[in-house]
Amino acid sequence: MAMEHLRWRPTVNERDFIERALQSDLRVDGRHSFDFRKLKVTFGREDGSSEVQLGETHVMGYVTAQLVQPYRDRPNEGTLAIFTEFSPMADPAFEPGRPGESAIELGRVIDRGLRESRAVDMESLCVVAGKHVWSVRVDLHILDNGGNLIDAANIAALAALSTFRRPECTVGGDDGQQVTVHDPEVRDPLPLTIHHMPIAVTFAYFGEGNIVVLDPTYKEEAVMGGRMTVTVNSNGDVCAIQKAGGEGVMSSVIMQCLRIASVKAADITSKIKKAVDSYTTEKALKKVKRLPTSVPQKINVTDVIMEDKGDGELEKQTVQMPSDVQQISKDPPTIVKMSSQEDAQPMTESSNAEVNTSSAVAAGESDESQEVGSPKSLKDAIKPKHKRKKKKSDKS
């Protein structure tokens with residue numbers, strides 16, 4: 001196969017070094033035989049999106065759902081499907097397009113652990129019996145292959161399912177068969193009902209099954225003689241066991257692996273729940289709408305003061321205007337300064353003068369407008385100069 005040809009193959013010295021280190025209860029990365037690598041679980045912006053890093057292995061999970069018609073033999077149950085995608089970016093041995101044997105095996109092991117163990121309540125996904133049920137799809141994308149893809153992909157699937165929210169729907173209509181799917185902004189989406197978390201724990205065998213290690217790396221997988229994946233929950237219930245060929249293993253070794261797997265499953269389950277709780281708490285805080293603090297702003301508004309000084313007197317308003325506007329007081333008789341040489345005149349005369357000046361200005365403007373509107377000739381341009389000379393001669 002092309003995948004086997006492109007897969008990394010250790011040299012004789014590398015193989016001998018790894019096997020001798022395992023015989024001395026040492027591993028290449030410094031772990032003990034039954035230690036997991038560092039686990040990190042993160043979530044995306046949308047519900048149902050998760051990323052898992054198990055050492056150098058990086059897997060992303062994404063969950064979607066849609067309404068479909070159920071199977072005839074199970075009209076009251078929804079469906080759950082697992083799909084895997086092996087990107088050549090993760091490993092040169094992975095080819096794009098049609099999934100290979102490793103991709104099919106990965107999907108079947110995780111599907112058997114989740115679906116056959118009834119971890120997700122399928123009956124809660126039924127909307128109308130025999131017509132409409134929710135079909136949940138889990139897409140697993142391998143971003144980096146650092147060994148033990150099954151365990152990392154299983155944790156990514158569980159984390160994505162724990163944070164997934166499906167839209168709420170109601171049944172109505174005249175016949176009671178019309179389904180209405182509500183927008184998440186109208187009604188809050190509903191989480192999936194998960195009874196337990198089946199955790200996949202993978203063991204690798206070396207030296208005719210005498211040496212057993214937990215969570216093998218990429219190089220250890222190239223040297224191992226066999227592999228077994230045990231799917232258990234935190235209660236110690238065995239959900240599935242997968243023995244992918246290779247060297248035979250004694251029953252006593254299998255029982256020892258089951259005891260170790262139950263302990264590791266409880267530890268991983270607590271880590272997943274802790275990560276999910278922190279994610280839900282952070283998201284709930286983001287939903288709280290906080291009003292912005294009001295900042296006082298200076299607005300220039302005129303102050304109006306009303307004063308009453310007795311019966312029969314008019315109310316006077318004292319208006320405070322900006323500095324650039326002249327203040328006018330009404331208490332003394334108003335005196336208007338004219339442009340003429342006279343400093344003070346009665347109000348009637350000043351008003352008449354204002355009327356006369358305004359009419360004169362209007363007349364001047366009308367004359368100027370007529371002059372501008374009519375076409376000018378050379379005589380018109382010379383005419384004002386002669387007039388000015390005549391006026392000077394008259395004055396003299």
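Okay, some ground rules. The model is predicted, so local features need pLDDT of at least 70 and side-chain atom pairs count only at pLDDT 80 or more, while totals for chains, interfaces and linings use all residues. Residues are numbered from 1 along each chain as its sequence is written, and side-chain values use heavy atoms, with hydrogens and water left out.

Let's start with the sheet. When I say strand, I mean a DSSP run of E with at least two residues; a helix is a run of H or I with at least four, and both are numbered from the N terminus. Two strands pair if DSSP finds at least two bridges between them.

Now let's walk across. β11 (residues 199-206) is joined to β12 by four bridges, and F203 has L214 as its bridge partner in β12. On to β13: seven bridges link it with β11, and A200 stands opposite T231 there. Then β13 pairs with β14 over six bridges, with G226 opposite G246 in β14. The hairpin of these two has five residues between the strands, and G236 takes a positive phi near 90°.

So is β13 buried or exposed? Seven of its seven residues are buried, where buried means under 20% relative accessible area with a 1.4 Å probe, protein chains only. In a regular strand, side chains alternate between the two faces of the sheet. Here G226, M228, V230 and V232 are on one side, R227, T229 and T231 are on the other, and all are buried.

What packs on the sheet? Contact means heavy atoms within 4.5 Å.

Last stop, helix α3 (residues 101-115). Its buried residues include A103, L106, I110 and L114. An α-helix has 3.6 residues a turn, so residues three or four places apart point the same way. And what covers the buried residues of α3? The cover includes β4 (79-86), β6 (132-144), α4, β13 and β14.

Notes
Buried < 20%, exposed > 50% of the residue type's maximum accessible area, 1.4 Å probe, protein only.
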